[in-house]
Amino acid sequence: QVQLVESGGGSVQAGGSLRLSCGVSGYTYDGNCMAWFRQAPGKEREGVATIYTAGYTPYYADSVKGRFTISQDNAKNTVYLQMNDLKPEDTAMYYCAAKLYSACYASFQQGASAFGYWGQGTQVTVSS
């Protein structure tokens with residue numbers, strides 16, 4: 001059974017940092033597309049960052065480039081999202097997502113519908 005479990009959300013002031021973690025289990029970790037999405041109230045779920053577990057360059061949404069970093073620890077089957085210089089507009093529920101046995105660029109461009117597995121989400125709140 002595929003499981004994705006996020007942790008690390010919380011409340012911070014603008015300019016602060018948080019690191020989200022996503023532990024994955026139930027499938028072979030390598031060779032998959034992992035991504036972070038977020039959804040604010042009343043808005044569509046949007047892609048934040050994505051990484052291919054077997055290598056290649058990560059991709060980021062323009063709104064987070066230079067502030068967020070996606071990384072992974074293959075030994076721990078875990079994907080991270082380091083978020084620096086947080087802004088109030090970053091406030092959202094953050095979700096980890098996976099598309100098995102797939103590279104990332106096209107899937108990330110397609111959006112949330114391309115990803116078949118999701119975590120339960122972790123809330124990030126940034127106050128001004």
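A nonpolar core is a set of buried Ala, Val, Leu, Ile, Met, Phe, Trp, Tyr and Cys residues joined through side-chain atoms within 4.5 Å, where buried means under 20% relative accessible area, exposed over 50%, and partly exposed in between (1.4 Å probe, protein chains only). The structure is a predicted model, in which local features need pLDDT of at least 70 and side-chain atom pairs count only at pLDDT 80 or more, while totals for chains, interfaces and linings use all residues. Residues are numbered from 1 along each chain as its sequence is written, and side-chain values use heavy atoms, with hydrogens and water left out.

**Cores**

The largest nonpolar core comprises 27 residues, and M34, W36, L81, M83 and Y94 have the most contacts inside it. At least two residues of this core come from each of β3 (18–25), β4 (33–39), β5 (46–52), β7 (68–73), β8 (78–83), β9 (92–99) and β11 (122–127). Another core, of eight residues, lies apart from it and includes Y52, A97, C104 and F115. Strands (E, at least two residues) and helices (H or I, at least four) are DSSP runs, numbered from the N terminus.

**Strand pairing**

Two strands pair if DSSP finds at least two bridges between them. An open sheet of four strands has the order β1-β3-β8-β7, with antiparallel pairing. Its edge strands, β1 (3–7) and β7, each pair on one side only. On average, neighbouring strands of this sheet are turned by 15° against each other, direction ignored; the axes are lines fitted to C-alpha atoms, for helices over the stretch in contact, and angles run from 0 to 180 degrees between N-to-C directions. Within the sheet, β7 and β8 are joined in the antiparallel sense by six bridges, and Q72 has V79 of β8 as its bridge partner.

Strand β4 is mostly covered, with six of its seven residues buried. It pairs antiparallel with β5 over six bridges, and R38 stands opposite E46 in β5. The hairpin of β4 and β5 has six residues between the strands, and G42 there takes a positive phi near 80°. Seven bridges also join β4 to β9 in antiparallel fashion; the bridge partner of C33 in β9 is K99.

**Disulfides**

A disulfide is a covalent bond between the sulfur atoms of two cysteines; here it is identified as a pair of cysteine sulfur atoms within 2.5 Å. The whole structure contains two disulfides.

| Disulfide | S to S | Angle about the S-S bond | Handedness |
|---|---|---|---|
| C22–C96 | 2.0 Å | -80° | left-handed |
| C33–C104 | 2.3 Å | 125° | right-handed |

C22 lies in strand β3 and C96 in strand β9, so their link ties together parts that are 74 residues apart in sequence. Both C22 and C96 are buried. The other pair joins C33 in strand β4 to C104 in the loop between β9 and α1 (105–110), 71 residues apart. C33 is buried, with a relative accessible area of 0%, and C104 is buried at 3%. In sequence order, the bonded cysteines of the chain pair as 1-3, 2-4.

**Two individual residues**

T122, in strand β11, is buried, with a relative accessible area of 11%. Its side chain reaches the backbone nitrogen of G9 at 3.1 Å, where a polar contact is a pair of N or O atoms within 3.5 Å; within protein, one must be able to donate a hydrogen and the other to accept it, and residues adjacent in sequence count only if both atoms are side-chain atoms.

D30, in the loop between β3 and β4, is partly exposed, with a relative accessible area of 43%. Leaving aside neighbours within four places in sequence, D30 is in contact (heavy atoms within 4.5 Å) with T53, A54 and N74.
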